[in-house]
Amino acid sequence: KEITAGSYLGYCKEILWPSFHNVDILDLTCACWQPKDAKVWNQSIAESWWAAYVEMNRTFFVHLVQMVGDDDIVWVHDYHLMLLPRMLSARDLYYNEDWLGEGDTLKKQQTPKQAQIIFFLHIPFPTSQIFRSLTHGSELLNGIVGAHVVGFHAFDHARHFLNACKRLMGLSHQTVPGGLTGIKYHGRTVTVVVRHVSIEPDHVSGRLHEIKTAEDNESFDINTSFYTTALKQHKVVFAGVDTCQRLSGIALKLLAFERFLWEYEHWRHKVALVQVGLVEEKRPADENRTSSEINTLVSRINDAFPGSVYYKEVSSKFLSLIHRLKLWLNADVLVDCSIREGLNLAPFEYIYIRQQNPGLVLASEFSATASLLNGALRLNPVDLV
């Protein structure tokens, strides 16, 4: 439990997650989501979190190295395991008695030959200026380039990674056969690719068919009760499903919607904003502060313009697919106001299921979504003046 708390809730969620979303250490210590008594940087806690992070990666290494065979492919996902590729690719350096915990029986002669290692990052990679503020940034980069292939969702993320490799490690990139980008590292080429994930069309179509069949047969009701009034009044529905954290931009979305209602009087009784906030309980200080701020804004807007905002919090990392699809079918506009974000697949679901009745996607220019969906209208969520 201590390793999990220190590595995941500590180093991953309190240091890596904000840093990789371009919030540097100085800004982090005085971030608005921090409790007032915690706005002092504590290096000793950060070092204990780092030690737990190393231990977590070591644990994966000790177990994986016994299972990986010749020419196997190991696919390492996300920022939680950035040290693992290097450990696996240079196992003779990392194999020693200090790495073996109680109960580990790994023998050196059991270690397999070189496997092909892929590392994929699912969140943004920060600018090199932000990345170098991490005390152990060089170790993290060394861990990543231990892979044979490094993948990102968006070109900007890959570009920032290449810049960090150049400025922190002196590694230049070049075009390799096939038109790909590679980094020369210890006599081998690390290929850097941009490959974003997508939705699963067959699965989405199947669930969409269930919704339509259920509505035709009245066999079950998908809970839309918290915004039913907006539907009955035939309002134009703006919708969003976002994590209840500051960088998701829900508060900015509410402020923009409030300004719209004040400035365009003839729309006040014709539009509604339906917003779901996902409370993951992984960044509790941030989530609690953001939730309080959102609920205050919702109350303020509804006091001035009754029935304009329908907000609901769900204690989960995801809203179930069937509930998301039902919301997308009812929404005329999907709104993303994220301040920092990787790849959000909600707009892709929205577009896919509304091919017969197209809607509109408003995408933050700070998200990977905006760079992939050329047909979306790009917005600056902080432009509220």
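Axes here are lines fitted to C-alpha atoms, for helices over the stretch in contact, and angles run from 0 to 180 degrees between N-to-C directions. Helices (H or I, at least four residues) and strands (E, at least two) are DSSP runs, numbered from the N terminus. This is a predicted model, in which local features need pLDDT of at least 70 and side-chain atom pairs count only at pLDDT 80 or more, while totals for chains, interfaces and linings use all residues. Residues are numbered from 1 along each chain as its sequence is written, and side-chain values use heavy atoms, with hydrogens and water left out.

**Exercise 1.** Work out how α11 and α12 are oriented, and what they touch each other with.

*Solution.* Start with the axes: helix α11 (residues 250-263) and helix α12 (residues 284-304) come within 10 Å and cross at roughly 10°. Angles under 35 degrees count as roughly parallel, over 145 as roughly antiparallel, 65 to 115 as roughly perpendicular and the rest as oblique. So α11 and α12 are roughly parallel to each other. Next, the hand: their crossing is left-handed (the near helix is turned anticlockwise from the far one by less than a right angle; clockwise would be right-handed). Now list the contacts (heavy atoms within 4.5 Å). From α11 come Ile250, Ala251, Leu254, Leu255, Glu258, Leu261 and Trp262, and they meet Glu293, Ile294, Leu297, Val298, Arg300, Ile301 and Ala304 in α12. Finally, sort by class: 11 are nonpolar, none polar and 3 charged. For the sorting, Ala, Val, Leu, Ile, Met, Phe, Trp, Tyr, Cys and Pro count as nonpolar, Asp, Glu, Lys and Arg as charged, and the others, Gly among them, as polar.

**Exercise 2.** Now try α7 and α8, and check the classes in their contact.

*Solution.* Helix α7 (residues 137-144) packs on helix α8 (residues 155-169) at about 120°, with the axes 11 Å apart. They are therefore oblique to each other, and the crossing is left-handed. Gly137, Ser138, Leu141, Asn142 and Ile144 of α7 touch Phe161, Ala164, Cys165, Leu168 and Met169 of α8. Here the count is 7 nonpolar, 3 polar and no charged residues.

**Exercise 3.** Describe the largest pocket and what lines it.

*Solution.* Its volume is about 1200 Å³. Of the 38 lining residues, Thr243, Lys317, Phe318, Leu343 and Asn344 lie nearest the centre. The elements giving two or more residues to this lining are α1 (2-20), α9 (201-217), β7 (236-243), α13 (321-330) and α14 (346-353). By class, the lining has 15 nonpolar, 12 polar and 11 charged residues. As for terms, a pocket is an open set of points on a 1 Å grid over the protein atoms alone, where a 1.4 Å probe fits, with protein on both sides within 12 Å along at least five of seven lines; lining residues have an atom within 4 Å of a point. Points are joined across faces, edges and corners, and a volume is the space filled by probe spheres set on them.
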